[in-house]
Amino acid sequence: MPQRDGRTAPVTGLRDRAADASAAVPMRRTLRAPIGCTGVGLHSGARISLRFLPAAPASGIVFRRTDLPGGPVEIPARWDHVVDTRLNTTLGIPGRRDAVIGTVEHVLAALAGMAVDDAVVELDGPEAPVMDGSAAPFVFLIECAGLVATGEPRQVIEVLRPVRVQESRAGESRPGESGAGEGDAFVALLPAASAGPVIEAEIDFPAAAVRRQMRSLRLTPASFKADLAAARTFGFVEDVEALRAAGLARGGSLKNAVVVAGARVLNEGGLRFADEFVRHKMLDIVGDLGLAGLPLAARVVARRPGHRLNNQVLRALFADPAAFRIVPATGIGVAKRAGAGGIASAAAAPA
Ligand SMILES: [Zn+2]
């Protein structure tokens with residue numbers, strides 16, 4: 001456990017039982033040492049290097065592009081820096097068209113999922129490398145680097161009343177993973193009794209290999225690593241041509257995405273989980289909601305979610321100062337709330 005003088009106190013890796021009981025991550029954490037990898041950008045097809053660097057206490061997650069003329073540009077990993085959610089979550093700086101970083105959600109999922117509060121993510125290209133299409137390679141890097149407590153107490157955003165965003169997708173066809181199937185879609189944040197979020201997600205795609213999948217998970221570093229981190233991004237074979245024609249998915253292949261053709265999964269090794277698709281959507285939720293800036297103490301209920309809705313629900317939350325408060329991580333769960341419902345009650349919650 002973190003020592004009182006904090007900054008260099010080892011957090012005994014990610015097998016630490018206390019750290020796994022997410023509510024009991026009482027101090028902010030950063031990486032013990034820099035670590036990195038190189039891979040292909042899913043949409044640009046460019047070869048990109050990523051480095052995770054330790055960061056100052058309470059500095060949050062900051063992306064840094066090192067390849068732009070005029071020197072490095074830093075973009076805070078925050079919901080109000082999201083500039084595009086069509087095929088992935090892209091961060092940017094208003095007024096600087098070149099200062100964007102795409103496909104940040106799987107990197108953010110690894111950081112949020114493993115309870116890393118402060119880090120710099122350095123990139124020498126326009127998007128994070130896709131690696132195998134999951135968050136597992138980033139979790140591996142974080143574990144290899146190790147984590148240390150920064151000495152700064154951890155705070156969380158406690159959701160006090162339901163916040164819900166929705167969109168009607170009837171008849172709308174959107175290519176790739178960001179398309180969430182047909183019909184109504186919503187993401188809701190509900191008050192929860194514990195510090196770590198509980199995520200309940202449902203997807204429903206026409207493809208027979210996917211169809212309707214539901215899963216719920218209490219998010220801790222251990223559950224994230226075991227149940228979500230390895231779930232890969234996915235796409236449908238009929239969308240691949242359209243994406244390529246639009247100059248997208250140039251780095252996409254069966255090495256970094258599950259590709260579905262009706263009832264078939266085209267990847268040679270098949271799926272990593274029978275319900276890998278809904279698990280990946282939950283991974284995306286962890287990453288996109290990581291842009292809140294602090295961990296969310298909330299029950300997250302999502303039906304046919306996508307990057308846009310994931311960002312919209314944060315915008316709705318922060319637009320309503322009465323919907324949340326910032327409290328120490330250790331202060332959650334004292335006053336327990338009724339937690340009845342699930343997908344049905346969230347569907348009925350006020351918009
Ligand atoms: Zn994803």
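This is a predicted model: local features need pLDDT of at least 70, side-chain atom pairs count only at pLDDT 80 or more; totals for chains, interfaces and linings use all residues.
User: How many of the residues of H7 are buried, and which are they?

Analyst: An α-helix has 3.6 residues a turn, so residues three or four places apart point the same way. In this structure H7 is mostly covered, with nine of its twelve residues buried; these are His307, Arg308, Leu309, Asn310, Asn311, Gln312, Val313, Leu314 and Leu317. The helix runs over residues 307-318 and reaches 17 Å from its first C-alpha to its last, close to the 16 Å expected at 1.5 Å a residue.

User: At what angle do helices H4 and H6 pack?

Analyst: A packing of two helices is described by the angle between their axes and by how far apart those axes lie. Helix H4 (residues 221-228) packs on H6 at an angle of about 140 degrees, and the axes are 10 Å apart. Because angles over 145 degrees would count as roughly antiparallel, H4 is oblique to H6. The crossing of H4 and H6 is left-handed.

User: Which residues make the contact of H4 with H6?

Analyst: From H4 come Phe224, Asp227 and Leu228, and from H6 come Arg279, Met282, Leu283 and Val286. By type, the residues of this contact divide into five nonpolar, two charged and no polar.

Methods. Residues are numbered from 1 along each chain as its sequence is written. Helices (H or I, at least four residues) and strands (E, at least two) are DSSP runs, numbered from the N terminus. The expected span of a helix is 1.5 Å times one less than its number of residues. A residue is buried if 20 or more other C-beta atoms lie within 10 Å of its own, exposed if 12 or fewer, and partly exposed in between; C-beta atoms are placed from the backbone. Axes are lines fitted to C-alpha atoms, for helices over the stretch in contact, and angles run from 0 to 180 degrees between N-to-C directions. Angles under 35 degrees count as roughly parallel, over 145 as roughly antiparallel, 65 to 115 as roughly perpendicular and the rest as oblique. A crossing is left-handed if the near helix is turned anticlockwise from the far one by less than a right angle, and right-handed if clockwise. Two residues are in contact if their C-beta atoms, placed from the backbone, lie within 7 Å. Ala, Val, Leu, Ile, Met, Phe, Trp, Tyr, Cys and Pro count as nonpolar, Asp, Glu, Lys and Arg as charged, and the others, Gly among them, as polar.
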